[in-house]
Amino acid sequence: MELNIIISYLIISIMASLAINSILRNFAKQNNILVDIPDRSRKFHKRATPLTGGIGILLAVLVSSEIYLNLNNLKGYLPEFSQRLYLASIPLLLLFLIDDFKPLKPMFRLFIQIILSLYVIYSTDIYLANFGNLFGFGEINLGIFGIPITVFCVVGIMNAFNMIDGINGLCAGSAMMALLFTGFYSGLIYDSMMIILIGSVIGFLIFNLRFFGKKRGVFLGDSGSNLIGFWVAWIAIYSSQNTLYEVEPITMLWFVSIPLLDCIRLIFSRIIQGIGIMSPGRDHIHHKLMLRYSSEGALGIILLLSFFAGLMGIFLDNYFDPWISTYLFMIYSTTYYLFSYRYNYIQKRLFKNV
């Protein structure tokens, strides 16, 4: 697919997303359905805001895909991977919409994520079969462990994106960054409908970042953040395991590094403190940054870190063996955790002295 055609479908999907998100947010407001009400404990936004972003993105993807297939005389030729991913996305979104109405038990959320991940694996035969030369001792073929490790990775990325969804633009912006890096670097974006996913997310972001005014905001909700995490995880797996795309699995970790590392940090931190892993809290990276910066400043810093991490992953993939990228990622992760701990310690001392 040529770049001018990619841009054309990007515009189509953005426009579809804008129109659908506008209709859904107005419907939610008028009927008081799926509206997030601010409180004084965890939800600090100033206005009641519709949680229709996930529905808007998925409908925009489906509508734009239909337009794409019709314009290219490809009706009935939807790639199998895209077809199965779309089919899994519908029940995922619907089930997590229930979570937006009334929080589901963590085990039931986990069950949904596992079942839908297994559906994609067994319907497409796509899963993590090879980690590449991860540690410098030769190729790591996962064999019978490939499927459970794939499920673990998909569920982990879904929860990472769900947990980082704390300020406007952060979850969707991080996902868009990961999709752009994955798509353009692997080349998947040139021979798939991946650009439609990106355009649909951009359309949502325009509302989420309130470019049309503060009263016209839209949130992802748990349904939207899980949906986006699901897409990011599977596109990363597909790109790294398909022989058509020469990209190492370790490179994908650089593309999702901030949501992933923050999720891992939170899990261990909460276990140590005896707090439930899935409990809401203000201990995320954006909350730490917002002790010193505005929400917009925190968003900019995190996306900038994600951008440079992505560039680092590409640089290492191009010029070094995969195991070097692995060890440097470990160093990067350690630096991230030490900085996070130190930053939190300094902020606590400053507040004590105020």
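## The second largest pocket

The second largest pocket is lined by 39 residues, and those nearest its centre are Phe-152, Cys-153, Gly-156, Ile-157 and Leu-260. Its volume is about 1100 Å³, a volume being the space filled by probe spheres set on grid points that are joined across faces, edges and corners. A pocket here is an open set of points on a 1 Å grid over the protein atoms alone, where a 1.4 Å probe fits, with protein on both sides within 12 Å along at least five of seven lines, and lining residues have an atom within 4 Å of a point. Helix 5 (146-163) supplies the largest share of this lining, with eight residues. Among the other helices that each supply at least two lining residues are helix 4 (106-124), helix 8 (221-241) and helix 10 (257-273); helices are DSSP runs of H or I with at least four residues, strands are runs of E with at least two, and both are numbered from the N terminus.

The structure is a predicted model, in which local features need pLDDT of at least 70 and side-chain atom pairs count only at pLDDT 80 or more, while totals for chains, interfaces and linings use all residues. Residues are numbered from 1 along each chain as its sequence is written, and side-chain values use heavy atoms, with hydrogens and water left out.

## Salt bridges

Three salt bridges are counted, each defined as a side-chain nitrogen of Lys or Arg within 4 Å of a carboxyl oxygen of Asp or Glu. Asp-99 and Arg-109 meet in one of them at 2.3 Å, N to O; this pair links Asp-99 in helix 3 (residues 80-101) with Arg-109 in helix 4, ten residues apart. Arg-109 also meets Asp-222 in a salt bridge, at 3.3 Å, N to O, and because Arg-109 lies in helix 4 and Asp-222 in helix 8, the pair ties together parts that are 113 residues apart in sequence. Arg-109 counts as buried at 7% relative accessibility, whereas Asp-222 is partly exposed at 24% (buried means under 20% relative accessible area, exposed over 50%, and partly exposed in between, with a 1.4 Å probe and protein chains only).

Arg-265 forms a salt bridge with Asp-262, with the closest N and O atoms 2.8 Å apart, and both residues lie in helix 10, three residues apart, about one turn of the helix. Arg-265 is buried at 13% relative accessibility, as is Asp-262 at 2%. Salt bridges with shared partners join Asp-99, Arg-109 and Asp-222 into one network.

## Cysteines

The count of disulfides is zero, where a disulfide is a pair of cysteine sulfur atoms within 2.5 Å. The sulfur of Cys-171 is 12 Å from the closest cysteine sulfur, that of Cys-263, and is therefore too far away for a bond. Cys-171 is buried at 0% relative accessibility, and Cys-263 is buried at 7%.

## Backbone angles

Most residues other than glycine have a negative phi. Asn-32, however, has a positive phi of about 50 degrees; this residue lies in the loop between helix 1 and strand 1 (35-36) and counts as exposed at 60% relative accessibility. Arg-210, in the loop between helix 7 (194-208) and helix 8, also has a positive phi, near 60 degrees.
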